[in-house]
Structure formats: structure tokens, C-alpha cells
Amino acid sequence: MLKVVPSEEVAEALSAGRPVVALESTIISHGLPQPRNLEVALELEEIVRAAGAVPATIAVLDGVPRAGLDREGLERIATEPGLRKLGFRDLSPAAALKVSGATTVSGTSFLAARAGIRVFATGGLGGVHRGWTTVQDESADLDTLSRTRITVVCAGVKSILDVPATLQRLETRQVTVVGYRTGEFPGFYLNTSGEPVDWRIETAAEAAEIMRAQDLLGGPETALIVANPVPVADQLNPALHDRVLAEALRAADERGIAGQAITPFLLEYLVNGTDGASLEANLAAVRGNARLAGEIAASWSRED
């Protein structure tokens, strides 16, 4: 079996039963400009530490899956040209061909769970794309979360997606979704999508209790999504968001952009069309998610 190689710090923490939080690496390689991407990577790890957990940034370096990167590894992810973006389906060829890459939500979830890490912090999930009835484009994140026992702290799904359809798909795939101090599903850049969630929790300890109940109940090895909204004060202006997103969707349609190219195109259009405000909202969400994930991991570790 191909092993996920933990850093010394992560290996020691897992062996001792101390809390560990997985962090994805695509935000470093593909989500932010240099040199800010490395600064944010280091900042997120410090946020996890301050919350009482050990950070484990997930990536593949020279074909080797890694759980926890040293400074050199983070710098490679932040600066290496041509770095691949690796979902779950890409992990086998990357390993066989000794390729380096940053992991998406699906790739990070799988590798983190394989390494024995139960809690994962990210920005927003992938989901069902708009226009699914004509072009059945759905993120691999949903399938991976339907068969991976991991707790994902996120700010909802990317707002460029079909949020109601994504929530319905998560329900069909039996993935539990809870709102952290909210009864509405977050809107990624926005505090709310306006869509309700069935379950609300108020504390990190309650999330840990749900994780324990998942294990006691048995059944399919599905994920727990803890939806943590970006604070209202840090969200993207909703009117600006809606206007620029509508422009982006029209531009994509006019240029015939579809498939894997559509998400990066829309996200980049939002960054440019909002003068970087969407990026700042995204970072505010990721910081809050890293903090909450650390608290959940610490609570889970104490109970476990």
C-alpha cells in the first residue's frame, strides 16, 4: 500500500493522540499570487497551532504523498512552476510518475484520512455546477466526501456553483451538514447563501460529539461538513458579488468556457471585478475555518 508520509511533528502528534488539522495546498499553489501565498500558508499553520492543534499541510512531492510540510516543502508548493493540481483521481498517476502537486479538497480529504487525520480546514467546497441539467458537471469533492470519514470545516461551497443542487446532492450521498452558529448555509464569499441547513451547532465540542456519534453508529464512511460562515463584516458586498458574478457567467458563455476551465475563469473574474475584495473575503473565511478546525480537533482529541 502506498503510504502517506507524515512530517516528524505530525507523526509524533498522531502517535501521542494529539490534535492534528489537515490543510489543503491548492490555495498556496493556485489560489494566491506570490509571495503572499507562502505568507498565508505560514499564517494558517500558526492559526491552527494557536487553536491547540498541529497543522498538516497536504501535498504530493516527487510522487510522495505528504502530511505536513517543512519550510522547504511549503516554498516548493508556493513557487515551483507548473505544479499540478491533484484531485483524488490524480493521486495514482502522480505517485507512479513521481510528479509534484498541490491537493484539492478531494485529494486532501483522501490523503488526510489515510494518514489518520480526522479534521480538515479549507475555504469552500466544490459542488454541482450551474446548468447541470444540460452539462452534468459535478465536482469530485462530493463523491470523495460521500465515502471518506473526515470532518471538513468550510465556508460552504464556492458561490459560483448551484448551491441548492449541491446541498441536495450532499443529502442524497448521505453527507451530514451542520451550520456553526447559523441556521443557513454559508455563501463562501458571503455570510449566507440563503439556503437553510437542518442542523445547527454552537460549539466545537458539539462537532466532536457528532464525530463520535458517527463512529458509534457505523454505516457508510461519510464526511461531516461543518459550515462556518465568513463574518458579515468580512464578507464581500452582496450586491457587488451578484453583479460581477452575473458578468462573469455571461463572459464565460460568450467565450465558450466550460468544463475544468470554468471554475478558475469565474474565480479570477471575481477577483479582478471586485478589485481583490473577493480574495480578501476568501482569506477571512479560510482563517476562521482553520481556527475552528483546530478547536474541533482539540476537542475531539480530548474526548477520544
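Predicted model: local features only at pLDDT ≥ 70, side-chain atom pairs only at ≥ 80, totals over all residues.
Is Thr57 buried or exposed? At 2% relative accessibility, Thr57 counts as buried.

**View 1. The largest pocket.** This one has a volume of about 1,400 Å³. It's lined by 50 residues, and the closest to the centre are Lys85, Thr104, Lys158, Thr263 and Pro264. Several helices give two or more residues to the lining, among them helix 2 (26–29), helix 3 (36–50) and helix 6 (105–115). The biggest giver is helix 11, with five residues. Sorted by class, the lining holds 18 nonpolar, 20 polar and twelve charged residues.

**View 2. Helix 8 and its buried face.** Helix 8 covers residues 163–172, and Val163, Thr166, Leu167 and Leu170 are buried in it. Look down the helix 8 axis and these buried residues fall within an arc of 100 degrees, so they line one face of the helix. As a rule, an α-helix has 3.6 residues a turn, so residues three or four places apart point the same way. What do the buried residues of helix 8 pack against? They pack against helix 7, strand 9 (176–180) and strand 11 (224–227). Just past the helix, Gln174 takes a positive phi of about 65 degrees.

**View 3. Ser278 in helix 12.** Ser278 sits in helix 12, and at 0% relative accessibility it counts as buried. Setting aside neighbours within four places in sequence, Ser278 is in contact with Tyr189, Leu236, Leu270 and Val271. The Ser278 side chain reaches the backbone oxygen of Leu270 at 3.5 Å. Pro65 is 213 residues away along the chain, and its C-alpha atom is separated from that of Ser278 by 31 Å.

**View 4. Arg243 in helix 10.** Arg243 is part of helix 10, residues 238–255. With 45% relative accessibility, Arg243 counts as partly exposed. The side chains of Arg243 and Glu247 make a polar contact at 3.1 Å. Ala59 is 184 residues from Arg243 in sequence and 35 Å from it in space, C-alpha to C-alpha.

View 5. Most residues other than glycine have a negative phi, and most peptide bonds are trans. Which way does the peptide bond from Gln34 to Pro35 go, cis or trans? It's cis, with omega near 0 degrees, and Pro35 is found in the loop between helix 2 and helix 3. Next comes Phe188, which isn't a glycine but has a positive phi of about 65 degrees. Phe188 lies in the loop between strand 9 and strand 10 (199–201), and at 3% relative accessibility it counts as buried. Asp275 isn't a glycine either, and has a positive phi of about 55 degrees. Asp275 lies in the loop between helix 11 and helix 12 and is exposed, with a relative accessible area of 76%.

Definitions and conventions:
Residues numbered from 1 in each chain as written. Heavy atoms only, no water. 1 Å grid on protein atoms, 1.4 Å probe; cavity = no way out; pocket = protein on both sides within 12 Å on 5 of 7 lines; lining within 4 Å. Points joined across faces, edges and corners; volume = space filled by probe spheres on them. Helix = DSSP H or I, 4+ residues; strand = E, 2+ residues; numbered from the N terminus. Nonpolar A, V, L, I, M, F, W, Y, C, P; charged D, E, K, R; others polar. Buried < 20%, exposed > 50% of the residue type's maximum accessible area, 1.4 Å probe, protein only. Arc of directions from axis to C-beta. Contact = heavy atoms within 4.5 Å. Polar contact = N/O pair within 3.5 Å; in protein donor to acceptor, adjacent residues only side chain to side chain.
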